[in-house]
Amino acid sequence: MSVAIIGAGVMGETLLSGLIRAGRDAADLVVGEKRTDRAEELRDRYGVDVVSNVEAAKAETVVLVVKPQDMTEVLGEIAPHLRPGQLLVSLAAGITTALIEKHIPDGVAVVRVMPNTPALVDEGMAAISAGSHCDEAHLEIAEGLLAATGRVVRVPEKQQDAVTAISGSGPAYLFFVVESMIEAGVHLGLPRTTATELVVQTVVGSAKLLRETGTHPTVLREQVTSPGGTTAAAIRELEDHKVRAAFITAMEAARDRSRSLAEGLD
Ligand SMILES: NC(=O)C1=CN([C@@H]2O[C@H](COP(=O)(O)OP(=O)(O)OC[C@H]3O[C@@H](n4cnc5c(N)ncnc54)[C@H](OP(=O)(O)O)[C@@H]3O)[C@@H](O)[C@H]2O)C=CC1
Ligand SMILES: O=C(O)[C@@H]1CCC=N1
């Protein structure tokens, strides 16, 4: 099964590297990339063929990983070369399957995916939704691609903007918390390297605890919070600074931005 990736930036290269790690034959993968220096880099690094978008559009499965703003231009370029029976998988935030279907021939199936960057270490979280001409076999192909780099769930497409706000952008919020805790450690007088090691291992350990025990995060937080102790003092400050409310409004903003990304594209 041949797979083309059009748009090999951060997310496109993440998917490409995951497919290679998972044992896909580089001979069955092609990348659509215009910049010659980048094409050379990808050829050297992964042993894949780097071709024009038009050439890439001949693959059985074509994965679009360009920015939402570039999507209609790329669709316009490849649409005359797509044929019924192919599968088009879009990883772009905010771009609906209906918008994509307007630009391509009838009979080309579309799957919308929201992945995230932990896919780079095979701990990705991807949510997939079917377009209107998509059957179970198409969904399984898309699932197979994303399962190479982590977990995959199916969601109704109307949930994709919320998914984008939670797991798509989510790694950035956690890195922001990590940065903030490291700065706090430095503020408290710890060497930066020590603060970094303490925070990174605390995040990894806490994530493992959540996943491996399946215990509710509230219970896990209560287990850390000794009566009248240090954690209670810190959590009170986080509540006073409305950090919980800030998370909700931040994710509403991400959801709204996802909804508006396709504005002006038709
Ligand atoms: N980064 C993330 O965490 C996530 C990203 N996504 C989605 O993935 C998509 C890509 O995002 P990201 O990887 O961050 O962005 P990048 O800017 O890193 O990647 C976009 C890539 O598309 C290339 N490109 C632009 N126009 C064309 C074209 N006409 N033909 C071929 N390639 C083209 C760009 O090349 P050049 O640099 O030469 O312009 C660039 O390499 C977006 O739609 C985003 O919503 C989804 C989930 C998570
Ligand atoms: O910031 C963005 O728009 C993309 C989509 C989800 C994560 N990164």
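**Close-up views of the predicted model**

**View 1. Surroundings of ligand 2.** Ala-93, Thr-164, Gly-168 and Ser-169 surround ligand 2, a residue being near a molecule if its C-beta atom, placed from the backbone, lies within 6 Å of it. By class, this shell holds one nonpolar, three polar and no charged residues, where Ala, Val, Leu, Ile, Met, Phe, Trp, Tyr, Cys and Pro count as nonpolar, Asp, Glu, Lys and Arg as charged, and the others, Gly among them, as polar. This is a predicted model, in which local features need pLDDT of at least 70 and side-chain atom pairs count only at pLDDT 80 or more, while totals for chains, interfaces and linings use all residues. Residues are numbered from 1 along each chain as its sequence is written, and chains are lettered from A and ligands numbered from 1 in the order in which they are written.

**View 2. Pairing of E1 with E4.** Strand E1 (residues 3-6) and strand E4 (residues 61-64) run parallel and are joined by four bridges; Ile-6 has Leu-64 as its bridge partner in E4.

**View 3. The two domains.** An automatic or database domain assignment gives the bounds of domain 1 (3-161) and domain 2 (170-260). Their centres, taken over C-alpha atoms, are separated by 33 Å.

Terms used:
Pairing = 2+ DSSP bridges. Helix = DSSP H or I, 4+ residues; strand = E, 2+ residues; numbered from the N terminus.
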